[in-house]
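Morning, everyone. Please bring up the model on your screens, and we will walk through it together.

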Amino acid sequence: MGAAEAYNPNPIEGSDPVSRSLNEFYQELSPSNQEPYISLRIHLIRPDVVPSVSFFVKRGKRFRIFRDAKETFAASEIQSLLDAGIEKIYLNRSDAGAIRQYLEVFLQNSENNEIVPMEAQVGLMRSAAVRMTEELFDNPSPENIRKGMKVVSGFVNLLVRDPKAFYYLIRLSSHDHYTFQHSVGVGLNSIALGKKLKFFTNEDLAELGIAGLLHDIGKTKVNPGIINKAGPLDKNEWEEMRQHSTWGWELVKDNKDVGQRAKLAILHHHEENAGGGYPHGLMDNQISVFAKIVTIGDIFNALTTDRTYSKAKTPFDSFKLMQQVMMHKLDKQLFTELVMIYGGKLE
Ligand SMILES: [Fe+2]
Ligand SMILES: [Fe+2]
């Protein structure tokens with residue numbers, strides 16, 4: 001799955017200086033670029049948190065060491081470079097991964113947010129989430145699940161601070177692999193719905209987010225031939241596909257990092273309000289709020305995303321379809337809340 005995502009040279013939306021500089025950096029990571037050094041705009045460097053890699057300055061055609069990996073970086077050095085009219089600093093291509101991680105993790109922290117505009121933050125989060133979700137579905141190990149939780153708490157922090165970021169986050173995902181779009185999209189819908197209900201703490205929202213992110217993790221155990229089949233599934237294939245919620249629950253049930261409510265939501269995300277869902281055929285009040293939230297976020301995200309067998313519908317058409325033929329699966333109140341969120345009423 002790792003190679004499935006096409007190289008996207010401009011993953012960050014926004015035309016502010018930070019977004020542009022980030023896109024420049026990502027562009028330099030393109031596989032077609034064979035240069036041994038990669039440039040980074042100096043204003044992306046936070047001396048206190050930048051990883052200890054060696055930095056170089058360019059003099060004519062030569063690169064001279066500016067800071068050795070073992071030395072610390074002082075804010076005054078950055079200023080002296082800027083004063084000298086130097087805007088870019090260089091690093092070894094082999095250190096690009098560490099810097100990329102720094103950009104994706106540190107720059108989205110709350111204390112830095114005054115220097116990073118929201119669109120750039122959202123782009124960074126998305127970029128980190130793409131890679132994290134791919135790793136997660138390649139190998140749903142406890143370590144990768146923990147990485148997923150970090151990304152989810154990043155989403156929660158951003159959404160609590162700035163609810164409008166939700167609209168940027170959901171808008172940004174259209175170029176990515178379905179697994180990413182769907183898992184992250186369901187995580188985001190779940191957080192937004194939870195937030196709208198007002199009786200959840202931030203920890204609850206993070207648990208909702210991880211439930212959404214992991215809801216289909218059991219599909220990693222389904223035969224890939226079935227997952228990727230273009231046509232409709234036959235009876236046996238469908239039988240195997242329906243195992244994914246139970247398999248997902250089995251994957252996480254002993255994981256101490258994942259909360260009990262998230263585990264149950266994974267197990268029950270195909271239960272239906274009027275009964276008749278799987279695996280247990282539960283009904284309305286037998287299904288947890290967490291599971292109901294993930295279910296509705298799941299259905300809505302699937303309808304609004306391009307899939308192998310159907311084109312993405314607009315939110316409006318999706319809501320119409322849900323109301324006409326899917327209400328027996330859903331909790332009515334949650335449905336109303338989701339319509340309001342997509343109608344622009346987050347609060
Ligand atoms: Fe599912
Ligand atoms: Fe799903």
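Predicted model: local features only at pLDDT ≥ 70, side-chain atom pairs only at ≥ 80, totals over all residues.

Start with K198. Is K198 buried or exposed? K198 has 7 C-beta neighbours inside 10 Å, so K198 counts as exposed. Find K198 in the loop between α7 (178-197) and α8 (202-214). Look at the backbone there. Phi of K198 is near 70°, a positive value in a residue that is not glycine. Most residues other than glycine have a negative phi.

Next, another loop, the one between α12 (260-268) and α13 (289-303). P279 lies in that loop. A cis peptide bond links Y278 to P279, with omega at about 5°. Most peptide bonds are trans.

Now R261, in helix α12. R261 has 17 C-beta neighbours inside 10 Å, so R261 counts as partly exposed. Which residues does R261 touch, leaving out those up to four places away in sequence? E207, S288 and F290. As for I299, its C-alpha atom is 19 Å from that of R261, and the two residues are 38 apart along the chain.

On to helix α5, residues 142-161. Helix α5 has 20 residues and spans 29 Å from first C-alpha to last, close to the expected 28 Å. Several α5 residues are buried, including G148, M149, F155 and L159.

Last, the overall layout. The domain assignment gives domain 1 (17-99) and domain 2 (123-342). Their centres, taken over C-alpha atoms, are 38 Å apart.

Terms used
Residues numbered from 1 in each chain as written. Chains lettered and ligands numbered in written order. Helix = DSSP H or I, 4+ residues; strand = E, 2+ residues; numbered from the N terminus. Expected span 1.5 Å × (residues − 1). Buried ≥ 20, exposed ≤ 12 C-beta atoms within 10 Å, placed from the backbone. Domains from an automatic or database assignment. Contact = placed C-beta atoms within 7 Å.
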